[in-house]
Amino acid sequence: METDAAGELAPLAETLRRTFGTPFSYWSRDTGELSHATFQPGSNDPLRGQLSRALVGSDPQFIQDEDSLLVMAIPLSLSTGEEVVATAAFMTRPVAAGECLAAPAVMLGLSEEKTAIWMSRQTIWSPEALHRLAMAVQAQITAEARSKKLEREVEKLSHNLATTYEEICLLHGVTQNLRISADDEYLCRLVLDWLLDCLPAKSLAVQLLPVAREGENTYKARTESILLSSGCCPINNQQFTELIEQLQLNAGCGPRVMNDRATAVDGWKFPEIKQLIVVSIAEGDRVFGWLAAFNHRDGGEFGTVEASLLNSIGAMVGIHAGNRDLYREQNEFLASVVRALTSAIDAKDPYTCGHSDRVARVSVRLAKELGCDPAMLHTLYMAGLLHDIGKIGIDDAVLRKPGKLTDEEFDQIKQHPELGYRILADIRQFASVLPAVLHHHEQWDGRGYPFKLTGEQTPRLARIVAVADAYDAMSSDRPYRKGMDSAKVDEILRSGAGKQWDPDVVAAFFAARGDIAAMSAQERANLTLDVQQWV
Ligand SMILES: [Fe+2]
């Protein structure tokens, strides 16, 4: 402020000097001290300062009057907000030869001889003209100061507007990426890059905490904390954990801002961190991680603007992480239901143990060959696992009969697609697999069951499961018979293409023949519905 005021005073002093033909002195109205002195006689007289300071009105006034000599004071407001009073002495009439100059000499702080010399060089002013000119100059300077002040405010506002705009863009960018399918690590990496552009920080970091314990999850879930950073991060993951411990942060603690004074204390373990903001990435009481900005880019201090932006981002990422975890837990629950149902089929028909799992994996491989999207692969995997769930409702004696079935017994077996459909129909999460459960025994030529659908009338899902099912049934060993050799299986599938099975699916089978044989031979210890983990 002082520098600004001093910088503004010099041109102002020049304006007054040119207008009145004499230099002015400038007194601070706050302190009464001289802000800017000149070589004019009496210009540093403390009495002028005191008299100037006492000016309460904003109009120029004469503060000293000694017959031929006047001291005028002009109160001025600078654009910096500082107030000064300009003072100078003026002659109002010529001095007669031999006139006593004792009083003016005191006012000017000169000897009478020097006073006479000074006076002989002065312009003679009419007090009214002097006052009118002072009023005009004061009005002009006030208007200029006001204009400068407004200019500065506009500059500040437009800077704030630009910052706010950047923040809004950043928040908008984050919301655009809050899809439930968006991985929180991916989202955090985006956020870190954006924040590095937006905040005056040398580095930003996110520590994401584990959301599950090792071995307890089938879906992909973080089991160890990780540190993501942008810029030059001064600490590693372990140190970040220690930092949070030292700061004793928790979910609801709000942003923590620390600047030089706070980090220069004894016991601060992170000498590389001079300025810091940390906010939680949390939803309710649950902390998913921490977001931090390290070290101000210009060596300045972090303030509430930066802290509140980080806090908003932390809150958004926290809600997203919470939703992701809820979604994952729902999927885990669904996986456990599927696991229980699959175990129930295996328990019912132990001879075909593992059949559902193999059909599921082969179906996914076929679907991949056919160019299906990840959602379809996931559905097919569940469909493969559950396609024979209706067998739970078939008489054990029929289901486990080793020899040839009678027509009546075969009619019972043929009920399993519809039984399966009824078992799963009320579970919303299984809606997408129902077509496969109901139609996996339909045939391309319409000779299947239960509805004798033909060609593409049968849902594609079911046509894919049908090929996987037939392949596994033919190639697997049973207690009462050996599995067919691969040449025989291939021959049957090839000749059944366009009759029993969708020719496209059979073609996909032969395109992936090697993979499928290897996959079927492989035992799988853990059932996971997270197809993306193993496709
Ligand atoms: Fe079946």
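A salt bridge is a side-chain nitrogen of Lys or Arg within 4 Å of a carboxyl oxygen of Asp or Glu. Under that rule, a search of the whole structure turns up 20 salt bridges.

This is a predicted model, where local features need pLDDT of at least 70, side-chain atom pairs count only at pLDDT 80 or more, and totals for chains, interfaces and linings use all residues. Residues are numbered from 1 along each chain as its sequence is written, and side-chain values use heavy atoms, leaving out hydrogens and water.

**Exercise 1.** Find which protein atoms are donors of the iron ion, and work out why their arrangement is irregular.

*Solution.* Start with the cut-off: donors are N, O and S atoms within 2.8 Å of the metal (3.2 Å for Na, K and Ca). Asp388 (OD), His416 (NE2), His440 (NE2) and His441 (NE2) qualify, lying 2.1 to 2.3 Å from the iron ion. Next, look at the angles: the 4 donor atoms subtend 83 to 167°, so the arrangement is irregular. A tetrahedral site would need all angles between 85 and 135 degrees; four donors are square planar, and six octahedral, if opposite donors are over 155 degrees apart and all others between 65 and 115, and anything else is irregular.

**Exercise 2.** Decide whether Arg358 and Asp472 are buried or exposed, and say what their salt bridge ties together.

*Solution.* The side chains of Arg358 and Asp472 meet at 2.6 Å, N to O. Arg358 lies in helix 10 (residues 355-369) and Asp472 in helix 16 (residues 460-475), so the pair ties together parts 114 residues apart in sequence.

Technical notes. Helix = DSSP H or I, 4+ residues; strand = E, 2+ residues; numbered from the N terminus.
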